[in-house]
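Please walk through this model with the viewer open.

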Amino acid sequence: MSLDIDYYELLEVERSADDATLKASYRKLAMKYHPDKNPGCDDSEARFKAISEAYDCLKDPQKRAAYDRFGKAGVNGGAGGFGGGNGGDFGDIGDIFESIFGSAFGGGRQQRGPARGADLRYDMEIKLEDAFAGVTREIQVDVAARCDTCDGSGAKPGTQTNRCTTCAGHGKVRAQQGFFMVERTCPTCQGAGEVIADPCNSCHGEGRVDRRKTLTVNIPAGVDEGTRIRLSGEGESGARGAAPGDLYIFLHMARHKVFEREGTTLFTRAPISFTTAALGGEIAIPGLDGKKHDIAIPAGIQSGKQLRQRGAGMPVLNGRGHGDLVVQIDVETPTKLTARQKELLCEFRETETGEECPASQGFFGRIKEMWDDLTD
Ligand SMILES: [Zn+2]
Ligand SMILES: [Zn+2]
């Protein structure tokens with residue numbers, strides 16, 4: 001039974017429900033699903049836990065606001081431990097460092113012991129050319145890493161840890177919540193089950209220290225805005241030797257001076273002269289592959305017409321082949337004419353019969369009919 005259900009749905013209330021409604025509904029449902037009333041029913045127990053979790057969050061105005069904005073990620077995520085400590089110069093990458101996501105991506109963390117390290121987020125902007133070809137980037141991150149002095153244990157080398165007396169080594173304590181007993185992580189040992197008598201000097205018992213790491217990120221061809229790359233185990237180190245979190249690289253596309261992109265399609269607008277539009281011709285568009293793409297302009301082309309060059313677009317991420325390059329034609333009316341050019345155009349106009357521009361002729365024909373109907 002999956003209980004990844006919206007908190008409001010779980011509590012069977014509207015998103016706008018006030019505290020009293022929330023509480024009343026929680027009580028009713030908690031009674032209904034309480035394990036004591038449903039012995040041996042795992043579904044009930046799971047639902048009971050989920051309801052309690054939902055209420056625990058929504059009853060707290062701050063947590064509720066965070067949940068409303070970001071979902072569970074907003075509630076579980078710590079305002080991570082980085083502070084302002086990244087004075088590093090990231091060169092032309094223009095990266096912004098944000099630490100987010102406590103357990104948002106982590107999934108189940110039922111195991112006893114200190115929590116797994118937080119997942120971290122790193123925002124990186126890349127050029128369209130790099131997204132086209134794929135690129136390798138080096139990044140520097142300041143991240144809480146396992147303390148070498150105590151090998152992550154948090155205890156001064158050569159000293160022992162003691163069993164936690166608050167929880168008797170279980171890592172959990174039972175506490176009253178509403179009218180039920182619930183299990184909580186032990187506040188004394190944070191779930192580790194043991195306490196450090198003599199903390200390590202390097203990490204003050206945390207088992208981890210901030211360290212600058214240089215990481216290599218392989219960015220495959222075809223990535224797009226919002227593509228995430230996971231560097232497994234490169235997030236924050238867990239407290240006292242627990243498993244590290246992951247580092248997520250969030251990719252952003254820099255604006256390109258010629259192309260816009262929609263999935264694997266590359267798009268650009270090409271203004272052409274009215275003579276080229278009338279007589280036909282050819283324009284050359286450089287592709288991101290470094291090749292020149294000659295695009296034939298048929299005589300009589302109109303503004304807005306899209307010409308498609310198959311296979312000249314972006315590569316398919318983790319796949320084969322490429323999308324298309326689409327060139328939209330804009331016919332440009334000349335604005336700077338020499339006296340001679342004007343003369344030629346006047347001469348041209350004298351030869352016009354209306355047949356040259358059927359759309360225009362049709363439209364003004366209909367206007368005339370309408371006028372005649374009105375004045376009959
Ligand atoms: Zn240490
Ligand atoms: Zn304890």
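What makes the arrangement of the four donor atoms around the zinc ion (ligand 1) tetrahedral? The model is predicted, so the answer rests on computed geometry. The four donor atoms subtend angles of 104 to 114° around the zinc ion (ligand 1), and this makes the arrangement tetrahedral. The test needs every angle to lie between 85 and 135 degrees. The protein donors are the SG atoms of Cys 147, Cys 150, Cys 200 and Cys 203. They lie 2.2 to 2.4 Å from the zinc ion (ligand 1). Along the sequence, these donor residues follow the spacing C-x2-C-x49-C-x2-C. Cys 147 sits in the loop between strand 3 (135-146) and strand 4 (161-163), and Cys 203 in the loop between strand 7 (194-196) and strand 8 (208-219), so the pair ties together parts that are 56 residues apart in sequence. Both Cys 147 and Cys 203 are buried.

Turn to the zinc ion (ligand 2). Which residues coordinate the zinc ion (ligand 2)? They are Cys 164, Cys 167, Cys 186 and Cys 189, each through SG, at 2.2 to 2.3 Å. This site is tetrahedral, with angles of 103 to 117° among the four donor atoms. The spacing of its donor residues in sequence is C-x2-C-x18-C-x2-C. Cys 164 and Cys 167 are both buried.

Ala 168 comes next in the numbering. It lies in the loop between strand 4 and strand 5. Ala 168 is not a glycine, yet it has a positive phi of about 55°. Is Ala 168 buried or partly exposed? Its relative accessible area is 38%, so Ala 168 is partly exposed.

Follow the chain into a hairpin. Strand 5 (residues 172-177) and strand 6 (residues 180-185) run antiparallel, joined by six bridges. One pairing to find is Gln 176 with Met 181 of strand 6. Two residues separate the strands of this hairpin. In the turn, Gly 178 takes a positive phi of about 60°.

A second hairpin is built from strand 13 and strand 14. Strand 13 (residues 281-286) and strand 14 run antiparallel, with six bridges between them. Gly 281 stands opposite Ile 297 in strand 14. Five residues lie between the strands here, and Gly 290 has a positive phi near 85°. Which residues of strand 14 (residues 292-297) form its covered face? They are His 293, Ile 295 and Ile 297. The uncovered face holds Lys 292, Asp 294 and Ala 296.

Strand 2 (residues 120-126) shows another pattern of pairing. Strand 2 and strand 10 (residues 247-253) run parallel, joined by seven bridges. Asp 123 stands opposite Phe 250 in strand 10. Strand 2 is mostly covered, with six of its seven residues buried.

Now for the cores. In soluble globular proteins, nonpolar side chains tend to be buried together. The largest nonpolar core in this model has 38 residues. Those with the most contacts inside it are Met 124, Ile 139, Ile 219, Leu 247, Ile 249 and Ile 283. A second, separate core has 20 residues, including Tyr 7, Leu 10, Phe 48 and Leu 58.

Tyr 7 lies in helix 1. Its relative accessible area is 1%, so Tyr 7 is buried. Tyr 7 and Gly 71 are 64 residues apart in sequence, and their C-alpha atoms are 9.0 Å apart in space. Glu 12 has a positive phi of about 55°, although it is not a glycine. With a relative accessible area of 48%, Glu 12 is partly exposed.

Helix 7 gives the most, with five residues.

Technical notes: Residues numbered from 1 in each chain as written. Chains lettered and ligands numbered in written order. Predicted model: local features only at pLDDT ≥ 70, side-chain atom pairs only at ≥ 80, totals over all residues. Heavy atoms only, no water. Pairing = 2+ DSSP bridges. Helix = DSSP H or I, 4+ residues; strand = E, 2+ residues; numbered from the N terminus. Donors = N, O, S within 2.8 Å, 3.2 Å for Na, K, Ca; no water. Tetrahedral: all angles 85-135°; square planar, octahedral: opposite > 155°, others 65-115°. Buried < 20%, exposed > 50% of the residue type's maximum accessible area, 1.4 Å probe, protein only. Core = buried A, V, L, I, M, F, W, Y, C linked by side-chain atoms within 4.5 Å.
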